[in-house]
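Please look over the model below.

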Amino acid sequence: MQEGLIERSLASWGGEMLITHHDSLTGAWIVIAIHSTRLGPATGGTRMKEYPALADAVADALLLSEGMTLKFAVADFPRGGGKAVIAVRQGLDDEARAALLRQYGRLIRQLGGLYETGPDVGTSSADMDTIAQTGAPYVHSRTVEAGGAGDSGPATAAGTLAGIRATLAQRYGSQSLRGRRIVVQGAGSVGAILIGLLLEEGADVAFTDINPDTVRLVRERFGARVLSPDSAFDESCDLFSPCALGGILNETTIARLQCGAVAGCANNQLATTEDAERLRRHDILYAPDFVVSLGGAVAITGIEALGWAPQEATSRVSRIVSNALRHVFDVAQSEDVSTTVAARRLAEKRLSERTDA
Ligand code: PHE
């Protein structure tokens with residue numbers, strides 16, 4: 001059999017199944033990756049954007065779904081990992097977009113509870129309402145008006161702040177943000193909230209975003225210093241916080257970094273697995289992305305499916321993130337492995353404990 005890109009990424013994935021659907025009306029591809037249902041229904045956000053080809057959308061869904069398995073396992077939370085990618089064509093109007101989301105909702109309904117979703121890059125709580133109207137179980141993070149827990153951004157940002165504190169404590173011996181120079185890459189739905197929280201704690205924040213409107217809005221709101229998207233990697237700081245898209249830590253960018261630590265909420269920050277070692281060699285403490293960013297999915301699913309009190313959810317996820325990171329940093333140090341290896345071991349231990357039960 002000829003090996004194409006899709007075969008290659010699927011063969012090395014290690015997940016349970018992949019569902020694909022072509023929407024003939026809009027030409028979009030819907031890709032749902034069920035990575036693991038060992039701890040519970042496969043749960044993860046819906047990413048909607050343009051991709052060069054189906055193979056790229058599939059590769060993204062596979063990687064992101066594994067990230068969700070790791071998040072829930074590290075948090076010791078009863079959900080498995082899944083993720084959906086909707087690869088859209090350019091110039092999709094509102095009506096076609098809503099029809100596409102309903103088509104996606106019907107697909108989730110057909111899966112009968114195997115897969116639960118929430119928002120991600122390119123989708124919102126209002127989109128979750130549209131998907132839920134099809135009777136799809138379970139659609140997390142719907143608007144409060146529609147009976148959901150609303151936007152997951154604030155909980156993700158709170159978890160990220162806790163992750164930054166734990167990383168600063170490990171690296172510099174104090175978790176205080178006062179006077180700490182932090183560079184935030186990406187001021188989107190989580191990054192912007194994080195910038196506000198960091199400034200409130202007295203940090204010296206510089207940020208960047210590829211969207212000029214976002215830069216203007218965030219600068220007007222908080223008055224934080226702006227960096228050009230490319231120069232963010234060269235800025236001298238205590239901690240670099242990637243909060244945009246994934247794959248940004250690679251051989252070239254790691255060599256440019258002028259920081260002692262990296263902790264941010266973007267998914268899949270490392271371009272390759274070797275980059276974890278590369279960061280270690282450059283003496284940069286890396287807080288694994290799937291630990292730092294677990295706050296949104298865990299808080300929202302906790303509130304909506306496990307009956308957590310909404311006012312307690314953010315402190316709960318902050319505790320989960322800092323405890324997990326402390327453990328990861330300890331294991332990385334005592335066993336002389338990268339923090340990513342240590343965090344994966346923690347997740348794998350939780351996954352194997354559950355299988356034996
Ligand atoms: N975008 C979230 C993440 O990557 C996914 C999510 C949000 C899942 C809210 C469930 C509820 O973690």
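Buried means under 20% relative accessible area, exposed over 50%, and partly exposed in between, with a 1.4 Å probe and protein chains only. Gln133 is exposed, at a relative accessible area of 64%. This is a predicted model: local features need pLDDT of at least 70, side-chain atom pairs count only at pLDDT 80 or more, and totals for chains, interfaces and linings use all residues. Residues are numbered from 1 along each chain as its sequence is written, and side-chain values use heavy atoms, leaving out hydrogens and water.

**Loop residue Gln133**
- Gln133 is found in the loop between α4 and α5. Helices (H or I, at least four residues) and strands (E, at least two) are DSSP runs, numbered from the N terminus.
- Gln133 lies 22 Å from Gly27, C-alpha to C-alpha, and the two are 106 residues apart in sequence.

**Largest pocket**
- The largest pocket holds about 1,100 Å³ of space. A pocket is an open set of points on a 1 Å grid over the protein atoms alone, where a 1.4 Å probe fits, with protein on both sides within 12 Å along at least five of seven lines; lining residues have an atom within 4 Å of a point. Grid points are joined across faces, edges and corners, and a volume is the space filled by probe spheres set on the points.
- It is lined by 47 residues, and Asp120, Val121, Ser189, Val190 and Cys243 are the closest to its centre.
- β3 gives the largest share of this lining, five residues.
- The lining of the largest pocket divides into 15 nonpolar, 25 polar and seven charged residues. Nonpolar covers Ala, Val, Leu, Ile, Met, Phe, Trp, Tyr, Cys and Pro; charged covers Asp, Glu, Lys and Arg; the others, Gly among them, are polar.

**Second largest pocket**
- The second largest pocket holds about 780 Å³.
- Of its 33 lining residues, Leu63, Leu64, Asn268, Leu270 and Ala271 are the closest to its centre.
- α2 gives the most to this lining, with nine residues.
- The lining of the second largest pocket divides into 14 nonpolar, eleven polar and eight charged residues.

**Helix α3**
- α3 (residues 94-110) has 17 residues and reaches 25 Å from first C-alpha to last, close to the 24 Å expected at 1.5 Å a residue. The expected span is 1.5 Å times one less than the number of residues.
- Buried residues in α3 include Leu100, Leu101 and Tyr104.
- Gly112 follows α3, with a positive phi near 60°.
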